Amino acid sequence: MTIRLAILPLLLALNFSMCKRNPSPTASSEPATSSPTPAEATAGGSPGPGVAGAASAPKITKPVVDQTAQTLIFCYHRLVDKIRYPGTEITPTAFEAEMKQLKDAGITVISLQDLLAWKRGEKNIPPRCAVITFDDGWKSQYEVAWPIMKKFGYPFTMFIYTEGVRGGSLGGGEAITWEQLADMRDNGVDIQAHTATHQDLREGHNIMLAAPGGKRTKTKLTGPQYEEWLQKEVVGCKQLLEQRLGIKVNCFAVPFGSYNEHVKEIARNAGYEAMFTVYGQPITFTSPNDSLGRYAIEANKPKVFVDAVKMIGTSSAGATAVAEVGATNLSTQPADGDTVRTALPLIKANLSGVGAIEPGSVQMRVSGLGVVPVSYDPKTGTVSYQVTQKLRENSCTVIVSAKSEGKKVEAHWTFGIDAAAAGAPVSAPTPKK
Ligand SMILES: [Zn+2]
């Protein structure tokens with residue numbers, strides 16, 4: 001223990017001096033932000049238009065995720081009984097009440113990593129979710145917030161600025177310690193980066209530099225000096241967290257939400273998969289990962305929380321919710337965007353990745369034909385229809401819907417028909433896009 005403590009300052013010093021000598025970001029061996037390309041999604045999937053009627057069902061390589069799900073990300077700071085700084089504090093009672101409100105509103109608290117896995121198309125999440133994050137690394141997050149989160153069984157993420165951890169140049173008596181962070185890590189808490197010294201990261205802005213002796217100077221950095229400092233803030237912070245805690249850091253919360261394209265680029269190159277601001281908004285499947293908005297919850301603005309919950313809490317009340325699933329996930333045949341050389345194609349989709357399908361609920365609509373009598377094989381999840389009446393248009397839209405776990409899911413796609421090959425008179429071709 002004493003040895004560990006003794007080498008601590010050394011590690012810290014080493015880490016930052018390494019950054020100084022090596023200003024280029026560590027090449028990203030880690031996966032950068034990625035969304036599945038259509039090629040990936042169909043790879044190993046549909047047998048292609050030439051093999052109509054092939055016996056084996058197409059393989060589903062990824063689960064079909066509900067792309068209509070929405071997530072609120074909340075950001076909290078200190079939990080204190082007596083509010084002195086209402087901009088960053090909340091009482092434990094008010095915090096606990098909000099955690100309960102999420103439950104009462106039917107909003108599922110999921111982990112930040114599950115949210116990202118869903119955005120990668122790797123994992124499904126419930127239709128309405130929330131992610132809870134705590135910023136800066138206050139000890140009240142360990143002592144007060146964590147027990148409340150345990151009570152609800154909610155996962156959460158800590159965004160830490162490393163010089164603010166106790167023992168760091170900015171870590172005072174109210175700061176969390178590395179030992180407490182290690183305890184959280186051992187119990188499944190997600191720990192992520194929030195820079196080294198928590199300042200505006202844009203070039204030319206006033207920043208404060210702390211000299212080793214503790215002397216602080218206000219300055220503006222530009223050019224190579226700024227770049228060196230930025231590396232420490234964005235890359236050094238990630239490296240220190242990863243080395244001290246033996247974790248993988250893939251998320252970056254930007255202090256005050258103050259950043260620009262250059263800061264984003266540095267963060268992307270460092271291997272961050274997602275970046276977070278404080279401009280709260282419901283996160284959808286297509287929200288860009290480099291600017292995910294969080295709702296900062298403060299004691300003097302209780303309406304922020306209430307309004308956020310309203311944004312998604314009531315959206316599906318009343319009308320039946322329909323979850324749209326991507327056609328590429330269903331290994332459709334013909335594939336979305338393909339052109340076939342027959343006016344009598346075999347139309348197929350594989351629903352096995354959607355979940356438990358109620359067999360009687362499977363329906364297919366074909367443009368120009370309406371609802372068609374499909375055959376559905378519950379064993380393979382394949383729904384198919386052999387067109388028996390020549391399709392007259394040069395493009396055809398298919399809508400497949402089904403009920404899964406009481407919920408309606410729907411996918412639609414469009415393929416083209418090569419008029420000449422089809423050998424049938426078709427309507428005038430539409431201009432090329
Ligand atoms: Zn912060």
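**Entry 1: the end of helix 7**

I began at G246, which adopts a positive phi of about 60° just after helix 7. I note here that the model is a predicted one. I then turned to the helix itself and found a kink of about 40° centred on G236. I asked how far apart the end C-alpha atoms of helix 7 lie. They are 32 Å apart, which agrees with the 33 Å that 23 residues should span at 1.5 Å a residue. Helix 7 covers residues 223–245.

**Entry 2: the zinc ion**

I next looked up which protein atoms are donors of the zinc ion. They are D136 (OD), H194 (NE2) and H198 (NE2), at 2.1 to 2.2 Å from the ion.

**Entry 3: cysteines**

I looked up how many disulfides there are, and the count comes to zero. I recorded C129 as buried, with a relative accessible area of 0%. For C251 I also noted a relative accessible area of 0%, so C251 is buried.

**Entry 4: salt bridges**

My search for salt bridges returned 17 in the structure. In one of them the side chains of K151 and E96 meet, at 2.6 Å from N to O. K151 lies in helix 5 (residues 139–152) and E96 in helix 3 (residues 92–104), so the pair ties together parts that are 55 residues apart in sequence. K151 counts as exposed, because its relative accessibility of 61% is over 50%. E96, at 25%, counts as partly exposed.

I then examined D290 and K264, whose closest N and O atoms are 3.7 Å apart in a salt bridge. D290 is in the loop between strand 11 (274–277) and strand 12 (292–293), and K264 is in helix 8 (residues 261–269), so parts 26 residues apart in sequence are tied together by the pair. Both D290 and K264 are buried.

A further salt bridge joins K301 to E298, with the closest N and O atoms 3.4 Å apart. K301 is partly exposed at 44%, whereas E298 counts as buried at 16% relative accessibility. Finally, I traced salt bridges that share partners, and these join E261, K264, R268 and D290 into one network.

How values were computed:
Residues are numbered from 1 along each chain as its sequence is written. This is a predicted model: local features need pLDDT of at least 70, side-chain atom pairs count only at pLDDT 80 or more; totals for chains, interfaces and linings use all residues. Side-chain values use heavy atoms; hydrogens and water are left out. Helices (H or I, at least four residues) and strands (E, at least two) are DSSP runs, numbered from the N terminus. The expected span of a helix is 1.5 Å times one less than its number of residues. The bend at a residue is the angle between axes fitted to the seven residues ending there and the seven starting there. A disulfide is a pair of cysteine sulfur atoms within 2.5 Å. Buried means under 20% relative accessible area, exposed over 50%, partly exposed in between (1.4 Å probe, protein chains only). Donors are N, O and S atoms within 2.8 Å of the metal (3.2 Å for Na, K and Ca); water is not among the atoms, so sites may look incomplete. A salt bridge is a side-chain nitrogen of Lys or Arg within 4 Å of a carboxyl oxygen of Asp or Glu.
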